[in-house]
Amino acid sequence: MLRFGIVSTAKIGREAVVPAIVDADNAVLSAVASRDLERAQAMATRFGAPHAFASYEEMLASDVIDAVYIPLPTSQHVEWAIKAADAGKHVLVEKPLALKAEDIEPVIAARDRNNVLISEAFMVTYAPVWHKIRALLADGAIGTLQQVQGSFTYFLRDATNMRNIPALGGGGLPDIGVYPTVTTRFATGAEPTRLQATVRYDSEFGTDIYASVRAEFPGFEASFYISTQLAHRQSMTFHGTEGMIEVLSPFNGERWGEEALLLSNQNHSETQAFRFQDSRQYVREVEAFSEAASGGKAEVFTLENSVKNQRVIDAIYRAGKLDGGWETV
């Protein structure tokens, strides 16, 4: 049983990852750390953790945990991932790990010098629906893939929310732009070579609130838009010469709606539905991480993969300044 500690009492931890740690077959929540001891104790009591700490440093120095889950604001991910690794702990860190690809290199160095596992928490790469899509594409179920289309939007105008605060790593691309990017890369096994983008910023917050992207991959094209100030939407479609795959609730399956996909043939005379009633993508993420940290062969999201995904986001920001020009990834 891998013993987890969590730094902070952030919402994503309370609502998704910590319950997954509690439910996992090979992990246990051992400690909660917060700069407010009462909050740490309250969360520890809620989830049955035997230890609470009034500082992150104190927990990292203890011997009651083997691994750390980090759901801090994005701007602090790199710093605390390195500190946790240097304390000899395995690290599961919320996405996005960094705000620039080059910032991940010191994390890789910390992983290697301490011989620990560090993984960015892209829960979608553990979801059965995305493994099924990857298998269908590899088997040629829709012929030759030509186009991937996606969207991910929500509406949030709260000035106190970290997603709207540049100093904390806010912005639409770091928060949700990473999802159409990572799922396209995961499902196809391909990397984009160049892209075009429109990026718009909020005049009050200074964060990016809209992006429309067209990316060229070897043999196919991908296009998607994201926004933090549009009505809620999630969609992903893979369009091939012999058929198409439509993904229902592609990113937040258990919270947004049914996690399923529709596979249609060329003329839509036949459609197969694949439904995943027991996705538990966060539990699968924790269990795979725990197995890998314990020396097992589970597939986890590597830091090298994190670098590749962040390079795409970096290129989108650069392309947004080019007035329609192409930017190399």
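Start with helix α4: its buried residues are His-77, Val-78, Trp-80, Ala-81, Ile-82, Ala-84 and Ala-85. That makes seven of the 10 residues in this helix (residues 77–86), so α4 is largely enclosed by the rest of the structure. Keep in mind that this is a predicted model.

What does the covering? The elements over the buried residues of α4 include α3 (56–61), β4 (67–70), β5 (90–94), α5 (105–114) and β6 (118–121). Just past the helix, Gly-88 has a positive phi of about 85°.

Now zoom in on one residue of α4, Ala-85. Is Ala-85 buried or exposed? Its relative accessible area is 0%, so Ala-85 counts as buried. Leaving aside residues up to four places away in sequence, Ala-85 touches Val-91, Ala-110, Asn-114, Val-116 and Ile-118. For a sense of distance, take Glu-304, which is 219 residues from Ala-85 along the chain: the two C-alpha atoms are separated by 16 Å.

Helix α7 is another covered one, with 16 of its 17 residues buried. It runs over residues 172–188, and at 1.5 Å a residue it should span 24 Å; the end C-alpha atoms are 24 Å apart, so the two values agree. There is still a kink of about 40° at Val-178, shortly before the proline Pro-180. After α7 comes Gly-189, with a positive phi near 70°.

| Glycine | Follows | Phi |
|---|---|---|
| Gly-88 | α4 | about 85° |
| Gly-189 | α7 | near 70° |

On to the sheet. Nine strands form an open sheet with mixed pairing, in the order β14-β13-β12-β11-β7-β10-β9-β8-β15. At the edges sit β14 (271–275) and β15 (327–328), each pairing on one side only. Further in, β9 (residues 208–217) and β10 (residues 220–227) pair in the antiparallel sense over eight bridges, and Glu-216 stands opposite Glu-221 in β10. Helix α10 (residues 303–319) packs on this sheet and touches β8 (194–201), β9, β10 and β15. The direction of α10 makes about 65° with that of β8.

In soluble globular proteins, nonpolar side chains tend to be buried together. The largest nonpolar core here has 81 residues, and Phe-4, Trp-130, Ile-133, Phe-238, Ile-245 and Ile-316 touch the most other members. Another core, of 31 residues, lies apart from it, and among its members are Tyr-56, Ile-82, Ala-84 and Ile-104. Two of those names, Ile-82 and Ala-84, are also among the buried residues of α4.

Notes. Residues are numbered from 1 along each chain as its sequence is written. This is a predicted model: local features need pLDDT of at least 70, side-chain atom pairs count only at pLDDT 80 or more; totals for chains, interfaces and linings use all residues. Side-chain values use heavy atoms; hydrogens and water are left out. Buried means under 20% relative accessible area, exposed over 50%, partly exposed in between (1.4 Å probe, protein chains only). Helices (H or I, at least four residues) and strands (E, at least two) are DSSP runs, numbered from the N terminus. Contact means heavy atoms within 4.5 Å. Two strands pair if DSSP finds at least two bridges between them. Axes are lines fitted to C-alpha atoms, for helices over the stretch in contact, and angles run from 0 to 180 degrees between N-to-C directions. A nonpolar core is a set of buried Ala, Val, Leu, Ile, Met, Phe, Trp, Tyr and Cys residues joined through side-chain atoms within 4.5 Å. The expected span of a helix is 1.5 Å times one less than its number of residues. The bend at a residue is the angle between axes fitted to the seven residues ending there and the seven starting there.
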